[in-house]
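Please keep the sequence and the model in view while reading.

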Amino acid sequence: QVQLVESGGGLVQSGGSLRLSCAASGSILSIKAMGWYRQAPGKQRELVARITSGASTYIADAVKGRFTISYDNGMVYLQMDSLKPEDTAVYYCNADLMVSGSGYYDDYWGRGTQVTVSS
């Protein structure tokens with residue numbers, strides 16, 4: 001079994017910072033990429049940032065210049081600075097990884113962590 005466990009969400013004032021962490025655990029043979037999605041009430045889940053095992057990164061235009069993604073040995077981090085009320089959402093960790101013995105990569109999700117930015 002594979003688990004992705006997020007931490008670091010919470011309530012912060014506009015302009016503040018938060019750092020999200022996600023730990024991948026279980027019978028993992030290889031991780032191709034990890035990332036963060038978010039879903040605000042009444043909206044579709046959207047990709048915020050993604051990083052590959054080769055350190056290539058993608059940052060959504062809405063958060064570019066404010067959010068930074070990093071990866072280290074099965075952990076992915078999202079540093080969120082200059083937060084705005086519109087960043088309020090549940091943030092989900094995602095991993096594209098191969099479970100030992102499976103022979104293929106598949107998508108895995110964490111349960112999400114709430115980020116609330118007050119104005």
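## Two loop residues with positive phi

Asn73 is placed in the loop that runs between β7 (67–72) and β8 (75–80), where strands are DSSP runs of E with at least two residues, helices are DSSP runs of H or I with at least four residues, and both are numbered from the N terminus. The phi angle of Asn73 is near 55 degrees, which is a positive value in a residue other than glycine. Asn73 is also exposed, its relative accessible area being 72%; here buried means under 20% relative accessible area, exposed means over 50%, and partly exposed is in between, with a 1.4 Å probe and protein chains only.

Ser82 lies in the loop between β8 and β9 (89–99), and its phi, near 50 degrees, is again a positive value in a residue other than glycine. With a relative accessibility of 41%, Ser82 counts as partly exposed.

## Basis of the values

The model is predicted, so that local features need pLDDT of at least 70 and side-chain atom pairs count only at pLDDT 80 or more, whereas totals for chains, interfaces and linings use all residues. Residues are numbered from 1 along each chain as its sequence is written, and side-chain values use heavy atoms, with hydrogens and water left out.

## The disulfide

How many disulfides does a search of the whole structure find? The search finds one, a disulfide being counted as a pair of cysteine sulfur atoms within 2.5 Å. It joins Cys22 to Cys93, with an S to S distance of 2.0 Å. Because Cys22 lies in strand β3 (residues 18–26) and Cys93 in strand β9, the pair ties together parts that are 71 residues apart in sequence.

The torsion about the S-S bond of Cys22 and Cys93 is about -85 degrees, and the disulfide is therefore left-handed. Cys22 counts as buried at 0% relative accessibility, and Cys93 counts as buried at 0% relative accessibility as well.

## The four-stranded sheet

Four strands form an open sheet in the order β1-β3-β8-β7, with antiparallel pairing; two strands are taken to pair if DSSP finds at least two bridges between them. The edge strands are β1 (2–7) and β7, each of which pairs on one side only. From one strand to the next, the twist averages 15 degrees, where axes are lines fitted to C-alpha atoms (for helices over the stretch in contact) and angles run from 0 to 180 degrees between N-to-C directions.

Within this sheet, β1 and β3 run antiparallel and are joined by six bridges. Gln3 has Ser25 as its bridge partner in β3.
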